[in-house]
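Please examine the sequence and the three-dimensional structure shown below.

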Amino acid sequence: MIRFALQKLGQALFTLWGVATLVFFLFTIVPGDSAQMMLGKREDPAALAAVRAKYGLDKPIAVQYANYLKRISPIGWPNDQHGIFKAPDLGESFQRQGQQVTSLIGQTFPNTALLAAAAIGFALLVGGALGAWVSYRPDSFWDKALLTFSSLGMSLPSFFTAVLFAWVFAYLLGPWTGLNLTGSLYSVDDYSGERYLNLKNLILPALTLGIRPVGVILQLTRNSLLQVGAMDFIRTARAKGLRERTVFFRHLLPVASNPIITTVSGWFASLLAGAVFVEIIFGWNGMGKLLVEALNTRDLPITMGCVLVIAALFVVLTTLVDVLYAVLDPRIRAEFF
Amino acid sequence: MPAPVVHIDQLSIAFGGHQVLRDFTFTLNPGQTIAVVGESGSGKSVAALMAMGLLDKRAEIKAGAAQLFSEDLLSFSSEKWSDLRGNEVAMVFQDPMTALHPSIRIGRQMEEVLERHTDLNRADREQAVIEALREVEISDPESSSKKYPHEMSGGQRQRVVIAMAMLMKPKLIIADEPTTALDKAVEGTILALLNKLVRESGAALWLISHDLEVVAEVADEVVVLFRGETVETGPAKQVFTAPKHPYTKGLLGCRPPKEGRPFPLPVLDDFLNDTVPSKQADLVAPTAAEEVMTITGLRIGFERRSGFRKTKQWVINGIDVHLNRGETLGLIGPSGSGKSSIGRAIVGLNSFESTAFSYTGDASKIQFIFQDPFSALNGSKRIGWMLDSVLKRHQPELSPLERSKEAQALLEEVGLTAADLNKRPKAFSGGQRQRIGIARALAAAPEVLICDESVSALDVSVQSQVLNVLNGIKKNRGLSMIFISHDPDVIRYMCDRIMELNPLD
C-alpha cells in the first residue's frame, strides 16, 4: 500500500513538473511583451529596460525557465536562505501594483473551496440519498419522476439557475428567506467597517452550483447500485441472512461507489477551479472571479498563478482518488505488488 | 416419519405473464438429497430461490402451496426470512468467481454469518471460521481466511462458499449448479465433498443441475423439469440408467457418447418425436497428411506489473502446433493451461513468439467462433447486415445481389432460414446465436475454424445440434478445425488428434 502511494506520488510530481513547464512556455511565447504590459501605455525605453532587468526578462529563455521553476517550487534550492520548504512565489500582479499573486489567491481560494465543498456536499447528500432510495424501487412512479427531474436539473446551465435562484429566493421571497441577492462570505459592516462572517450568503450559490451534480449523482448512484445489486455476491450476502442495512452499507455501497467517486472528484476539482458565472452573479469573492478579471486586464502573473494552482489541485485530487480506489478494492492493490 | 423440510404442492410461478413453473410438487425429507434437473428455462432454479425467499419481486405465485419446516413459507415476513437464511437454510451458488464479495477477506465474509446468527465473540467466530475452512479441506485455513477471493482458485472459492453455507449447520442446503463453473477435474471432488458434509450433518440437500450424469452419483431422487413441467421423478440411479420420459432419454442421449464418433448425434427432437436414428457411421480422421499450419516453439506470455518492474509470465512456453487439412485438432486442459491463448494467438488476438510460423493460406482464411453466443453478436445489427459486411470484406468480387443470395445460403447451411436475415440477435436462442456466429465465420470462406469453448455455454440438447452443424460444414467444405474445450467427452468425440495442456507454474 505504501509502495502504491509512493508510486502515485512520483507520478503526481512528474505531472506537476510537466504542467509547470507547459504553463511557462505557453505564457512566454504568448504574443505581447510582458515588460511593456507592466508599464501600461507608457513609451519609455529606459523604463522598459529597467523592468526587463528587474524581472530577468533580458536573460536567455533557459535561465528564465530555471528562475521560474526556482520561484514556484515549494522546495527550497540548496544554499538558499529559505530552508527546505518555502511558499511558492508566483510573482507580483501587473495591474494591482505591489500585490503578491500568492496572497491574492490566498484571499480568494478559501472562498471558492468552501463554495465548492458546500455545493458538492449538498449534491452528494441529496443525490446519493435519493439515488439509493429509488434504486430499491426501480421503474416505480418515484423512480421515473426523479429521473425526469434530474435530467431537467442537469440540463439547466448554471448562469441561468443562478439568476433564477437569486430572483426567486432573494428578491421575490427575500422578505421571508432573509437571503441577500449578492454577497460574499465576509461582509463589511456599513457603520463600524468591521468584517464579519456571513454564512447564509453561501446558501444560494452553493445550491445553484449543486443542482446539476445532484442530477448526475442521483442517476449515477441509482444505476451503479442497480448494476452491482444484480451481482451474485449481493445475492450471497442476502442468502447469509444479513440485514438489508448491512447488505447495503457493507457489500453494495463500497463496490457501487467507484463511478460516484470518479464523477464527484472530477466535478469537485472543476468547481475548485472557480465557478465563474456563479461567483460573478452572486458577487462571491472567489478564484474564478479573480481569474476572469485577470484575463480581462491581461494580468499574466495572476493568470499563470491561477492556472498552476488549478492544475496542482487536479493532480492532487486525482492522486488521492487513485489511492482511494486501491483502499476500496484489493484487486487494484494486487496489481502493484 | 419426521416432518418434511420442504413440501411444495402444485406450485405455479409466472414472470410477467409467462409461466416458468407449472404444478410443481416436491417433498424433501431430513437427510435426503433430491436433484432437480433441467436445462435453461426449465424453471429449476425458480422453486429453489422461492424456498430461500430470494425470488425476484416480479415473480408471481399463480397457484399452489409451499411449506418450509411445516410453515407456510409464502406468508413469511422479510424479517423471518432474514433470520432463517444462512441459519436454517443456506445456499451454495453456481459461480464461485462471482458469488463472493471481491473486496472483503473471505474469513470476514464467513464471520458475517456468525455475527448475524450467533452471540459468539470475535475470537470464537474466527475459530469457527477456521474450523469450517478445515472441514472443506482448504490447506492452511488460518492464512487462507485472510485471503481475498481473487487470490484463490475457482475450486478453492467454491470450498469457501460451501464452508460458509455449512457454518450454522443448516437443516436445508440448496446447491444451484454447484460444480458447473468448475473445471472437470475439480467437479467430482467438490461434489463429493458437498455430499459428505451434508450427509455428516444430517441436512437435506436440494441439488439443482443441468447434468443428470453428475447428480446421479449423489442424489437419492431426481426430478426432471422441461419447460416448467415435471416430466419424470424417481430414484436417481433408476432415472439415470432407465429413463422413461423421452425428454430424459434425450438429455442423456444427446451427450457425445463415451466411445465411437457417430455422426450426426441424435438431437432432442429425435427423442421427443421418437425418430432416433439407429447406428450411424463414425467420423474418421483424414488419411492423407497435408499440412495447413505449423507453429514451432510457440510462446505466449502476459506482462505482469510489480511496482515499476514488468515481468513476463509465460502461459505457453515452447510448444509445437501443427494442423493438417481436413483435421480437427483438440486442445484440452484446465483453466489457466493456456488453451484459449493458443487459439487467440493464431488469429492475432494475443501477441506471441515463435521460432517458426507457417500457414499456407492468407490470414483472413482463419476464422474464430467464440464461447458466449450472447456477447459475440452486436445486438443492434440485423443478421443480414452482419453477414453482408463480412462478405463485402472477404469476397469483394460478389455483387450485392450475389451477396444476399450467399448470406441466405450460409444461414441455410447452419440450419436457419432466409427469414432470419432481417432479425436482430435478440430474437434468437443461445443455440441459434451460436449458429449465426458459425455462419458469420463461414462468410469469410475460411480454411481453418477455431472454436474456443464454442459449445460450453449451451444446453446439452442444443450442444448436440451445434456439434452436428460444425461437423457438417467441416465435411462439406473440407475445413480444418482447432477445437478448444474443457470437456473431455466433447473433445474426444469431435477431434481427430488431441493436445493436452497443463498450467505452467
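How do the residues of the lining of the largest cavity divide into nonpolar, polar and charged? They divide into 7 nonpolar, 2 polar and 1 charged, where Ala, Val, Leu, Ile, Met, Phe, Trp, Tyr, Cys and Pro count as nonpolar, Asp, Glu, Lys and Arg as charged, and the others, Gly among them, as polar.

The structure is a predicted model, in which local features need pLDDT of at least 70 and side-chain atom pairs count only at pLDDT 80 or more, while totals for chains, interfaces and linings use all residues. Residues are numbered from 1 along each chain as its sequence is written, chains are lettered from A and ligands numbered from 1 in the order in which they are written, and side-chain values use heavy atoms, with hydrogens and water left out.

Rolling a probe the size of a water molecule over the atoms shows where empty space is left. On a 1 Å grid over the protein atoms alone, a cavity is a set of points where a 1.4 Å probe fits but cannot get out, and lining residues have an atom within 4 Å of a point. Grid points are joined across faces, edges and corners, and a volume is the space filled by probe spheres set on the points. The whole structure contains 3 cavities of 30 Å³ or more, and the largest has a volume of about 80 Å³. Its lining includes A:Thr236, A:Lys240, B:Phe93 and B:Met164. The helix α7(B) gives the most to this lining, with 3 residues; helices (H or I, at least four residues) and strands (E, at least two) are DSSP runs, numbered from the N terminus.

The contact (heavy atoms within 4.5 Å) takes 33 residues from chain B and 25 residues from chain A. Within chain B, B:Phe93, B:His101 and B:Glu112 lose the most area to chain A, together 20% of what that side buries. Buried area is the accessible area (1.4 Å probe) that two parts lose on being put together, summed over both; here it is about 2500 Å², 52% of it on carbon and sulfur atoms.

Across this interface there are 4 salt bridges, each a side-chain nitrogen of Lys or Arg within 4 Å of a carboxyl oxygen of Asp or Glu. A:Arg250 forms a salt bridge with B:Glu115, the closest N and O atoms being 3.4 Å apart. On the side of chain B that touches chain A, α4(B) gives the most, with 7 residues.

Most residues other than glycine have a negative phi, and most peptide bonds are trans. B:Gln10, in strand β1 of chain B, has a positive phi near 50 degrees. The peptide bond from B:Phe263 to B:Pro264 is cis, with omega near -5 degrees.

Note on methods. On a 1 Å grid over the protein atoms alone, a cavity is a set of points where a 1.4 Å probe fits but cannot get out, and a pocket is an open set with protein on both sides within 12 Å along at least five of seven lines; lining residues have an atom within 4 Å of a point.
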